Amino acid sequence: MRLSGLQREVLALYRQCLREASKKPTEAELNFRNYARNEFKKNSLLDKKDFAAIEYLLRKGQRQLEIYSSPGIKNIVV
């Protein structure tokens, strides 16, 4: 099955989130993974043709990833 460009971007963002979670302290890694999983699952029911909403959520996710990737952020509450 071939993926569209937006689908590839979403999957790439998800993989980035999981990679960043693995860089966090061991006791907080699961919290970061669960947060990412919940955010993606929450928006998984979005219509695949709603490109504006998908692009908006991609930009929002990239900004959140940038913030949560900061070394100063040690844990997250889900």
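Reader: Does Glu 20 count as buried or exposed, at 19% relative accessibility?
Author: Good place to start, and keep in mind that this is a predicted model. The cut-off for buried is under 20% relative accessible area. Glu 20 has 19% relative accessibility, so this residue counts as buried.

Reader: Which residue forms a salt bridge with Glu 20?
Author: Let's look for a partner with the other charge. Side chains of opposite charge can pair when their charged atoms come close. Here the closest N and O atoms are 3.1 Å apart, and a salt bridge needs them within 4 Å. The partner of Glu 20 is Lys 23.

Reader: And how does Lys 23 count, buried or exposed?
Author: Over 50% relative accessible area is the cut-off for exposed. Lys 23 has 60% relative accessibility, and therefore it counts as exposed.

Reader: Lys 24 has no salt bridge, so how far away is the nearest side chain of opposite charge?
Author: Lys 24 sits in the loop between H1 and H2, and this residue is buried. The nearest side chain of opposite charge belongs to Glu 20. A salt bridge would need the charged atoms within 4 Å, but the distance from Lys 24 to Glu 20 is 5.9 Å.

Reader: Which residue has its backbone oxygen 3.0 Å from a polar atom of the side chain of Lys 24?
Author: Lys 24 is without a salt bridge, but a polar atom of its side chain has an oxygen 3.0 Å away. That oxygen is in the backbone of Ser 70.

Reader: How many residues apart are Glu 29 and Arg 33 in helix H2?
Author: These two form a salt bridge, with the closest N and O atoms 3.2 Å apart. Glu 29 counts as partly exposed because its relative accessibility is 21%, and Arg 33 is partly exposed too, at 24%. Their spacing in helix H2 is about one turn, which here is four residues.

Reader: What is the N to O distance in the salt bridge of Lys 42 and Glu 39?
Author: Both residues lie in helix H2, three residues apart. Lys 42 is exposed, with 54% relative accessible area, whereas Glu 39 counts as buried at 19%. Their side chains meet with an N to O distance of 3.1 Å.

Reader: Stepping back, in what order do the elements run from the N terminus on?
Author: The chain has three helices and zero strands. From the N terminus on, that gives the order α-α-α.

Reader: What share of the 78 residues of the chain count as buried?
Author: Among the helix residues, Cys 17 lies in helix H1 and counts as buried because its relative accessibility is 14%. The C-alpha trace of the chain spans about 40 × 25 × 20 Å along its principal axes. Of the 78 residues, the buried share is 22%.

Reader: Which elements give two or more residues to the lining of the largest pocket?
Author: The space in this pocket is about 860 Å³. Its lining has 32 residues, and those closest to the centre are Val 10, Leu 11, Phe 40, Asn 43 and Leu 58. The elements giving two or more residues are helix H1 (5-22), helix H2 (26-42) and helix H3 (51-68).

Reader: By class, how many residues in the lining of the largest pocket are nonpolar?
Author: The lining includes seven polar and six charged residues. The number of nonpolar residues is 19.

Definitions and conventions:
Residues are numbered from 1 along each chain as its sequence is written. This is a predicted model: local features need pLDDT of at least 70, side-chain atom pairs count only at pLDDT 80 or more; totals for chains, interfaces and linings use all residues. Side-chain values use heavy atoms; hydrogens and water are left out. On a 1 Å grid over the protein atoms alone, a cavity is a set of points where a 1.4 Å probe fits but cannot get out, and a pocket is an open set with protein on both sides within 12 Å along at least five of seven lines; lining residues have an atom within 4 Å of a point. Grid points are joined across faces, edges and corners, and a volume is the space filled by probe spheres set on the points. Ala, Val, Leu, Ile, Met, Phe, Trp, Tyr, Cys and Pro count as nonpolar, Asp, Glu, Lys and Arg as charged, and the others, Gly among them, as polar. Buried means under 20% relative accessible area, exposed over 50%, partly exposed in between (1.4 Å probe, protein chains only). Lys and Arg count as positive and Asp and Glu as negative; His and the chain ends are not counted. A polar contact is a pair of N or O atoms within 3.5 Å; within protein, one must be able to donate a hydrogen and the other to accept it, and residues adjacent in sequence count only if both atoms are side-chain atoms.
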